[in-house]
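Dear colleague,

Please find below the structure that I am handing over to you. My notes on it follow directly after.

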Amino acid sequence: MNYEALGLFYLVSAVLFITGLKLLGSPDTARKGNFISALGMTLAIFITILSKDLNYENAIYGFLAGGLIGLFVAKKVAMTKMPEMVALFNGFGGLASLLVGCAALINTISSDIFFLSTVFLSILIGGTTFTGSLLAYMKLSERIPGRPLVYLGQRFVNSILLMCILVSAIFFIQNPTNLHWLYLSVTLSLLLGLMFVLPIGGADMPVVISLLNSFSGIAAATAGFAINNILLIVAGSLVGASGIILTIIMCKAMNRSLVNVLFSGFGKVSLNRQVSMDQGEVKAISGSDAYYILEAATSVVIVPGYGMAVAQAQHAVKELQELLESNGAEVVYAIHPVAGRMPGHMNVLLAEADVPYDLLLEMDQINPRLDTFDVAIVIGANDVVNPAAREVKSSPIYGMPVINADKARTVFVLKRSMASGFAGIDNPLFFKENTRMIFGDAKETLGNLTKEFD
């Protein structure tokens, strides 16, 4: 295949990527956007295979193996495990870039500084993304504690580690035949990924996931420069840019800077809680008592959180919504940007239950209206509805925008226990005069409520 034809096909693939990414920006068109992007990637893979002097049989086997693994994962992984899967995918993307960089170096004898620099960057960013994403996966899946793991002088150690990597890069570029510097760089980049994610936890994990996603794109783009593949540069740049934009949006939603998220060690405040538990008496009610209040309500706002995902209660939520609407009540959902364990987690779960997209209201849309709602139902959410963010200056989340669920006339909080949320901070909402706690499994509780309507 000549260069002009290859460029034309790559241009078509790039247009499909950009179109798919644009469509992913809306829930109504996200499925179509995902399909178009996948079509663009399939075209890119086959065109690359045909344009290179490759073993077609092995390349096809690799494509089929990867496709089958992806199909298996898509079918078998539960929606509650989606954050962990995204973290793993980010890590595998980083590992792929690391391997591409190493392969480019092994197969190309060159002393060109630009080539060697892009190879090194693909290895550095790819390795950091790989181990950082694996650690994020382990935290999200609770294989290790999700809280930040911090120690004295951690920033200094990380700075020294990064400096050692840069020094290794300089020596490697000056003498590319000495692979010891490359091996040292790979080892240090893998270690840097672990040290990068160790001090991050709690409510910051969604930000980290989107940032690692951006890193995987940047690593792919640098690998594209290393092997002179225009489409890989385009695809990596799109992922890198969109990930950075999403990270910035989420930081703004938390009223925190990216530097603060990465280096503050947020969750360590759980060891010295700023909000005491002696704020009053918790008022618990049964599902049948809650029914009488819901039956008389004319407006209800539902605030989902990670507890809804754990209980897999999204379908029960949709059923309750329909019953409330048939009873004449207005029902909407309040979605916080960092609710759950990854960006858009609640939107994905509710979309699975076929909840209409126009009922999903962002925080800025719902907060001005919350004092007009008869009932707010908080399902497994904690940190994103914590009024300490507004009321307690000593709280570590003070200033973070939250959904003001406490301003509704009555608040039902569905929780298994009085345990604090992922950020490890107690919630004064549970002790408010207008709050009623409904303890138990969210799915079971919602099922009992729907039975009361029958």
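Which residue takes a positive phi just after α9? In this predicted model, the residue is Asn255, with a phi of about 60°.

Helix α9 itself covers residues 230–253. Its 24 residues should span 34 Å at 1.5 Å a residue, and the C-alpha atoms at its ends are 35 Å apart, so the two values agree. At the start of α9, the backbone nitrogen of Leu231 has a side-chain oxygen of Asn229 within 3.2 Å. Leu231 is also one of the buried residues of this helix, which include Ile233, Gly236, Gly240, Gly243 and Met250.

I next turn to the packing of helices. Two packed helices are described by the distance between their axes and by the angle between those axes. Helix α5 (residues 113–140) and helix α7 (residues 179–197) have axes that come within 7 Å and cross at roughly 35°. The crossing of α5 past α7 is right-handed. On the α5 side, the residues that make the contact include Phe120, Leu124, Gly127 and Leu135, while those of α7 include Leu182, Val186, Leu190 and Gly193. By class, this contact has 12 nonpolar, 7 polar and 1 charged residues.

Helix α5 also meets helix α6 (residues 154–174), where the axes come within 10 Å and cross at roughly 145°. This crossing, too, is right-handed. Here Ile113, Leu116, Ser117, Phe120 and Leu124 of α5 meet Ile165, Ala169, Phe172 and Ile173 of α6. The contact of α5 with α6 has 8 nonpolar, 1 polar and no charged residues.

Two single residues may also be of use to you. A polar atom of the Asn90 side chain lies 3.3 Å from the backbone oxygen of Ile209. Beyond its neighbours within four places in sequence, Asn90 is in contact with Thr129, Ser133, Ile209, Leu212, Asn213 and Ser216.

Leu68, by contrast, is found in helix α3 (residues 56–76) and counts as exposed, because its relative accessibility is 58% and exposed means over 50%. From C-alpha to C-alpha, Leu68 and Val332 are 38 Å apart in space, and they are 264 residues apart in sequence.

Yours sincerely,
A colleague

Definitions and conventions: Residues numbered from 1 in each chain as written. Predicted model: local features only at pLDDT ≥ 70, side-chain atom pairs only at ≥ 80, totals over all residues. Heavy atoms only, no water. Axes fitted to C-alpha atoms, helices over the stretch in contact; angles between N-to-C directions. Helix = DSSP H or I, 4+ residues; strand = E, 2+ residues; numbered from the N terminus. Left-handed = near helix turned anticlockwise from the far one by under 90°. Contact = heavy atoms within 4.5 Å. Nonpolar A, V, L, I, M, F, W, Y, C, P; charged D, E, K, R; others polar. Expected span 1.5 Å × (residues − 1). Buried < 20%, exposed > 50% of the residue type's maximum accessible area, 1.4 Å probe, protein only. Polar contact = N/O pair within 3.5 Å; in protein donor to acceptor, adjacent residues only side chain to side chain.
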